[in-house]
Amino acid sequence: MKWLKGMGLLLISNILIMITLSLTVPIVINVILPMFGIDVRGSVDLSTLVWAAMFGFGGAFISLAFSKQMARAMLNCQQITHPRSRAEQVIYGSVQEIAERLHITMPEVWVYDAPDPNAFATGPSKNNSMVAVSTGLLQNLREDEVKAVLAHEMGHVYNGDMFATTVLAGLMNTFVYYIAMWVRRFFAERDQAALGFGLSLVLQIIVSILASIVISWFSRQREYGADAFAAKVYGKESMISALRAIDRWVNRAQFEYSTQDALATMKISGQTGGVMSLFSTHPPIEARIAALEHL
């Protein structure tokens, strides 16, 4: 039943997005643009929108479906099924305890080899997910801080952040594809296919950049929500202490987060600040601590 409910929510989300686009696009084409002397009626049909949605949502949800497998393939990690040390017992026991409290299927628990104290959660649903922590997290944080980080990741799982991010990415991708396809068709019908192809590529890049700003903003809001969840589970002081410990390690080691990290949006800590703050997947540590202190 839970699987059917998840599939139903997925279907309803896609249908609602398609309906929204189907209603707004004709209004823009038939009412708003002609008010400014731009008449493109007859240049766009529903098939363009359908193809854009198929490309936009198809890729996003395929990535979600195989997110656990892709994460494991990108990391040197080992699954914990029977804890053999105190550290493994803390990790496994904390995830198990929180899952039981939330009445969800216990996620797979993994440890991956990396020097930075970090962790992430992924998976297609809250009943089909994985939580992974780095060896650096176990080596540099106290037991109560590790538990707080695990609660943070379980917050992502329980809140359905992976699914919500996928829906947003699919919506953004659909707009990107739709605009590119519409421009190509518009100019192709006027015997300017080469010009249309070039303009569509430029617009695709520009709109993709704008879409990434929206997705990054949403990613930052997810972190605040997961921090608040951890505070409810183990207390805000443990989560604040964990964030400070991570920040101290990053500053002491002068660690540079990779801009090519495909798992960056999933992790508890990542690149923040600077002129590229609009594209940061994580809020500054100070802002996260301030939000926790005001809970």
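Biologist: How does Glu108 count at 22% relative accessibility: buried, exposed or partly exposed?
Modeller: Keep in mind that this is a predicted model. Buried means under 20% and exposed means over 50%. Glu108 has 22% relative accessibility, so this residue counts as partly exposed.

Biologist: With which residue does the side chain of Glu108 meet in a salt bridge at 3.1 Å?
Modeller: Side chains of opposite charge can pair when their charged atoms come close. The cut-off for a salt bridge is 4 Å, nitrogen to oxygen. The side chain of Glu108 has such a contact at 3.1 Å, and its partner is Lys68.

Biologist: How many residues apart in sequence are the parts that Glu108 and Lys68 tie together?
Modeller: Look at where each partner of this salt bridge sits. Glu108 is in strand β2, residues 108-112, and Lys68 is in helix α3, residues 67-74. The pair therefore ties together parts of the chain whose separation in sequence is 40 residues.

Biologist: Is Lys68 buried or exposed?
Modeller: The limit for buried is under 20% relative accessible area. Lys68 has a relative accessible area of 8%, so this residue is buried.

Biologist: Which residue is linked with Lys68 and Glu108 in a network of salt bridges?
Modeller: The contact between Glu108 and Lys68 is a salt bridge. These two belong to a network of salt bridges, and the network also includes Arg72.

Biologist: How many salt bridges does a search of the whole structure find?
Modeller: The pair Glu108 and Lys68 is a salt bridge. So is the pair Glu223 and Arg288, with the closest N and O atoms 3.6 Å apart. For the whole structure, the search finds nine.

Biologist: Which helix holds the Arg288 end of the pair with Glu223?
Modeller: Glu223 forms a salt bridge with Arg288. Glu223 lies in helix α8, residues 193-234, so the pair ties together parts 65 residues apart in sequence. Arg288 lies within residues 285-293, which form helix α10.

Biologist: What is the N to O distance where the side chains of Asp227 and Arg288 meet?
Modeller: Arg288 also forms a salt bridge with Asp227. Asp227 is in helix α8 and Arg288 in helix α10, 61 residues apart. Both residues are buried. The N to O distance of this salt bridge is 2.8 Å.

Biologist: How many strands does the chain have?
Modeller: Along the sequence, the pattern runs α-α-α-β-α-β-β-β-α-α-α-α-α-α. The chain has ten helices, and its strands number four.

Biologist: What is the order of the strands in the open sheet?
Modeller: Strands β1 and β2 pair in the antiparallel sense over three bridges. Strands β2 and β4 pair in the parallel sense over five bridges. Strands β3 and β4 pair in the antiparallel sense, again with five bridges. In this open sheet with mixed pairing, the order is β1-β2-β4-β3.

Biologist: Which residue of β4 stands opposite Tyr112?
Modeller: Opposite residues show how the strands line up. On the β4 side, Tyr112 stands opposite Ser134.

Biologist: How many of the five residues in β2 are buried?
Modeller: Strand β2 pairs with β1 and with β4. This strand is mostly covered: of its five residues, the buried ones number four.

Biologist: Is α7 roughly parallel or roughly antiparallel to α8?
Modeller: Two packed helices are described by the angle between their axes and the distance between the axes. The axes of α7 and α8 come within 8 Å and cross at roughly 165 degrees. An angle over 145 degrees counts as roughly antiparallel. So α7, relative to α8, is roughly antiparallel.

Biologist: How many nonpolar residues are in the contact of α7 with α8?
Modeller: Helix α7 passes α8 in a right-handed crossing. Their contact has five polar and three charged residues, and its nonpolar residues number 22.

Biologist: How far apart in space are Ala230 and Met154, C-alpha to C-alpha?
Modeller: Ala230 lies in helix α8. At 1% relative accessibility, Ala230 counts as buried. Ala230 and Met154 are 76 residues apart in sequence, while their C-alpha distance in space is 8.1 Å.

Note on methods: Residues numbered from 1 in each chain as written. Predicted model: local features only at pLDDT ≥ 70, side-chain atom pairs only at ≥ 80, totals over all residues. Heavy atoms only, no water. Helix = DSSP H or I, 4+ residues; strand = E, 2+ residues; numbered from the N terminus. Buried < 20%, exposed > 50% of the residue type's maximum accessible area, 1.4 Å probe, protein only. Pairing = 2+ DSSP bridges. Axes fitted to C-alpha atoms, helices over the stretch in contact; angles between N-to-C directions. Parallel < 35°, antiparallel > 145°, perpendicular 65-115°, else oblique. Left-handed = near helix turned anticlockwise from the far one by under 90°. Nonpolar A, V, L, I, M, F, W, Y, C, P; charged D, E, K, R; others polar.
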